[in-house]
Amino acid sequence: MRLLIVGTLKGQLTTATKIAMDNGATVTHAEDHEQAMRVLRGGKGADLLLVDVALDIRDLVMRLETEHIHAPIVACGITNDARAAVAAIHAGAKEYIPLPPDPELIAAVLAAVANDSRELVYRDDAMARVIKLAQQIAGSDASVMITGESGTGKEVLARYVHTRSARAKRPFISINCAAIPEHLLESELFGHEKGAFTGAIARRIGKFEEATGGTLLLDEISEMDVRLQSKLLRAIQERVIDRVGGTKPVPVDIRIIATSNRNLADAVREGTFREDLLFRLNVVNLKIPPLRERPADIMELAQHFVKKYAEANGVPMRPISAEARRVLSTNRWQGNVRELENTMHRAVLMAQGDEIGPDAILTPDGDRLDLAKTPPAVVHATMAAEQVTRALVGRTVADVERDLILETLKHCLGNRTHAANILGISIRTLRNKLNEYADGGIPITPAGTPGEYPRMPMIGA
């Protein structure tokens, strides 16, 4: 973690500095806003800013927003003046800490910012296999692609790989390729020189340089414009980058981890993702299964989130009742771990009595999760799809193909031409298949008149 102390607080925050450094953090000091911005532009970066409440915090927040620098601010002051604390929060600070600091309070703030709570919690064998592979490749410098549905925990796994690598004490820098406008993403990644474009008021170091020595996470890389992908490919291949408006290449030493919730092979076929870039990034693929495919993790994670949010909200930690466990276990969790976490956070706040019962397991709209109304058409389609899937499991391709052909022919009342058109095969192929089935003693729907359905007998004729 990287801590930046802004203002004349160095003497008062000796304790905070020591705690941070003892936990492997680097600490930098800046006397004022200008010096703080120079530090941030210069590539040292910061995961947390401790700022003297006497400074204009609103001005600092606006400077950070203008230059798209994201770092939480905690205001500090030598007084318990409530008005100063409220003003700091309204200006954009996340928290206010009175000085001299309480060591435990500082430690809690640093731990929260460092995302120490983002631990890997799992029990299911499907997830255990992914973690085992992650542990196996963590010590290398190979590029890693982490894939999985939204909410499965791709960034958490990326941090896990970083903390077990030889780069663990160096920066872990993350950038969401989907959250930054296309015309700004190049500057965010590679930096820019002063005057490179309108608004470039000073040289800015990009994420590649900021992550030098450590790990760069390219989150949702599938959303990156294909034109920028070529520049990214060069940076990965040659380990050099060009700042926007720069005149000479800059060497970088980073490990790349990328994530995607899309099938990049499909994106390659569609022409929205470069195949050579995919080969460079996908040296090792860690595919996280959706939560519904690792049922043993559901209760393990649910209990973890209950403990986490009970402590965070200062409420008693209640056990999850048997009926609530049933509700949690049978839900499909389309939003995966993120959806489960939000559900358990609500449950901790809404639960009454000695247990967390099904009445506390609610949707965002406030309905009981197990009683939430789903459109009948969706329910029917889901059930039908599951029935078809179950019917296919354990059967050979030849058996499935035979049944499809025979059922289609039956649907067409024996008309070979119509059946071939529906199946997308030639009439000759269809006839050969039917002859093969007939030779095997399988009944075949009799042929009708070519081009029309066979006449059906009239009732009473």
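**Helix packing and cores**

A: In this predicted model, helix α2 passes helix α3 in a right-handed crossing.
Q: Which residues of α2 and α3 make the contact?
A: From α2 they are His 33, Glu 34, Met 37 and Leu 40, and from α3 they are Asp 59, Leu 60, Arg 63 and Leu 64.
Q: And how do the residues of that contact divide into nonpolar, polar and charged?
A: Four are nonpolar, one is polar and three are charged.
Q: At what angle do α2 and α3 pack?
A: The angle is about 25°, and the axes lie 11 Å apart. Angles under 35 degrees count as roughly parallel, so α2 is roughly parallel to α3.
Q: New topic: which residues touch the most other members in the largest nonpolar core?
A: That core has 33 residues, and those touching the most other members are Leu 189, Phe 208, Leu 216, Leu 218, Ile 221, Phe 273 and Leu 281.
Q: Which helix or strand gives the most to this core?
A: Helix α10 does, with five residues.
Q: What is Leu 189 in contact with?
A: Leaving aside neighbours within four places in sequence, Leu 189 contacts Ile 175, Gly 206, Lys 207, Phe 208, Leu 218, Met 224 and Leu 228.
Q: Is Lys 207 buried or exposed?
A: Lys 207 is buried, with a relative accessible area of 14%. This residue belongs to helix α9. Not counting residues up to four places away in sequence, Lys 207 touches Ile 173, Ile 175, Glu 188, Leu 189 and Leu 216.
Q: What does the second, separate core include?
A: That core of 25 residues includes Trp 333, Leu 340, Ile 361 and Leu 369.

How values were computed: Residues numbered from 1 in each chain as written. Predicted model: local features only at pLDDT ≥ 70, side-chain atom pairs only at ≥ 80, totals over all residues. Heavy atoms only, no water. Axes fitted to C-alpha atoms, helices over the stretch in contact; angles between N-to-C directions. Helix = DSSP H or I, 4+ residues; strand = E, 2+ residues; numbered from the N terminus. Parallel < 35°, antiparallel > 145°, perpendicular 65-115°, else oblique. Left-handed = near helix turned anticlockwise from the far one by under 90°. Contact = heavy atoms within 4.5 Å. Nonpolar A, V, L, I, M, F, W, Y, C, P; charged D, E, K, R; others polar. Buried < 20%, exposed > 50% of the residue type's maximum accessible area, 1.4 Å probe, protein only. Core = buried A, V, L, I, M, F, W, Y, C linked by side-chain atoms within 4.5 Å.
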